[in-house]
Amino acid sequence: MRIGVVTFPGTLDDRDAQRAVRLAGGEPVALWHADTNLHTVDAVVLPGGFSFGDYLRCGAIAAQAPVMESIIKAAAGGLPVLGICNGFQVLVESHLLPGGLIRNDVQTFVCRDQKLVVENVDTPWTNEFTLGQEITIPLKNGEGGYIADAETLKRLEGEGLVAFRYKDFNPNGSMNDIAGLRNERGNVVGLMPHPEHAVEAGFGPDTSVAMRSGVDGLKFFTSVLKSLVEA
Amino acid sequence: MPKIIVEVMPKADLLDPAGKAVNNALHRNGHNEIANVRIGKRIELHFDRAVTEADVAAAQKIGEEFLSNAVIEDVVSVTIEN
């Protein structure tokens, strides 16, 4: 299965995302922001970083990139798309997910191993989790405060579109402790924390078992491979 | 050079961390008469010809759809400057 990983100018975590795809058993395919086609990939990851220097607003210029035109079209047809951190911001700026992301309420960059609760497992990116499962993956952002108007929030909660919620500690002032969302169809998922940094023992978050042994992020990538095989 | 000026401000009820930091610095410098500071963006669109009404309408649309994000910001003005 071919999983595309988009690189915009200023993207940082594209190699990590490619590595996560490989460790999960998939074939990572590098996509460039100026690509006008998706090279027959079966799913797409928009990785973290500071695309276009966060100019104008985080993700705003990337949302206008040629590759996004193809991704928006393919997402409407059901292509699985995962946006991580800056990738989540790109999804929001592309209107593939509702709401917005603003500067952390603490006004500083936050970097920590973050506990999350999986709130929705009916997506190609979360089907290997169990509903309500607690996972820990790294979070690192300056503008991760999720906001939406009251009506949108009510719809997100009412329709079960919250995919992940911060557990025990809200690091950035996100409304309703929202860490990640899915779209109505479920194929588009975005979140601020970084699953691709928790995919290999020795390099992940600390767990009660051993230092840096956390691999909770790997399930995002094995989930999508499983859903593609079953499709 | 003819220009259209688009001004964008963070929504009034949202925290503006940059404005807050500047306000704090001003208060440290004794400017306690200033109650609050908010920081927005001024974006200049330059033209090599005279600006038309259609350009202003286009700038309004660009302002609302790209230069600002309606979830967090408002376009507060679109004006011609010759």
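This is a predicted model: local features need pLDDT of at least 70, side-chain atom pairs count only at pLDDT 80 or more; totals for chains, interfaces and linings use all residues.
Let's start where the chains meet.

Now into chain A, and helix α2. This helix covers residues 66–76, and its buried residues are Val67(A), Met68(A), Ile71(A) and Ala75(A). Look down the axis of α2(A): the buried residues sit within an arc of 95°, so they line one face of the helix. What do the buried residues of α2(A) pack against? Five strands of chain A: β1 (2–7), β2 (27–32), β3 (43–46), β4 (81–84) and β11 (188–191). After α2(A) comes Gly78(A), and its phi is positive, near 105°.

Staying in chain A, take one residue, Val118(A). You'll find Val118(A) in strand β6, residues 110–118. Is Val118(A) buried or exposed? Count C-beta neighbours inside 10 Å: Val118(A) has 22. The cut-off for buried is 20 or more, so Val118(A) counts as buried. Who does Val118(A) touch? Leaving out residues up to four places away in sequence, the contacts are Thr126(A), Phe129(A), Leu131(A), Gly132(A), Gln133(A), Ile135(A) and Phe164(A). Pick Gln133(A) from that set. Gln133(A) lies 15 residues from Val118(A) along the sequence, yet their C-alpha atoms are 5.3 Å apart.

Over to chain B, and its sheet. Three strands make an open sheet here, ordered β2-β1-β3, with antiparallel pairing. The edges are β2 (41–46) and β3 (73–81) of chain B. Each edge strand has a single partner, so one side of each has no neighbour in the sheet. From one strand to the next, the twist averages 20°.

Zoom in on one pair. Strand β1(B), residues 3–10, is joined to β2(B) by six bridges, and the two run antiparallel. Within this pairing, Val8(B) stands opposite Lys41(B) of β2(B).

What packs on this sheet? Helix α2 of chain B, residues 53–67. The helix touches β1, β2 and β3 of chain B. Its direction makes about 30° with that of β1(B).

To recap. In chain A, the buried residues of α2(A) line one face of the helix, and Val118(A) in β6(A) is buried.

Methods:
Residues are numbered from 1 along each chain as its sequence is written. Chains are lettered from A and ligands numbered from 1 in the order in which they are written. A residue is buried if 20 or more other C-beta atoms lie within 10 Å of its own, exposed if 12 or fewer, and partly exposed in between; C-beta atoms are placed from the backbone. Helices (H or I, at least four residues) and strands (E, at least two) are DSSP runs, numbered from the N terminus. The arc is that of the directions from the helix axis to the C-beta atoms. Two residues are in contact if their C-beta atoms, placed from the backbone, lie within 7 Å. Two strands pair if DSSP finds at least two bridges between them. Axes are lines fitted to C-alpha atoms, for helices over the stretch in contact, and angles run from 0 to 180 degrees between N-to-C directions.
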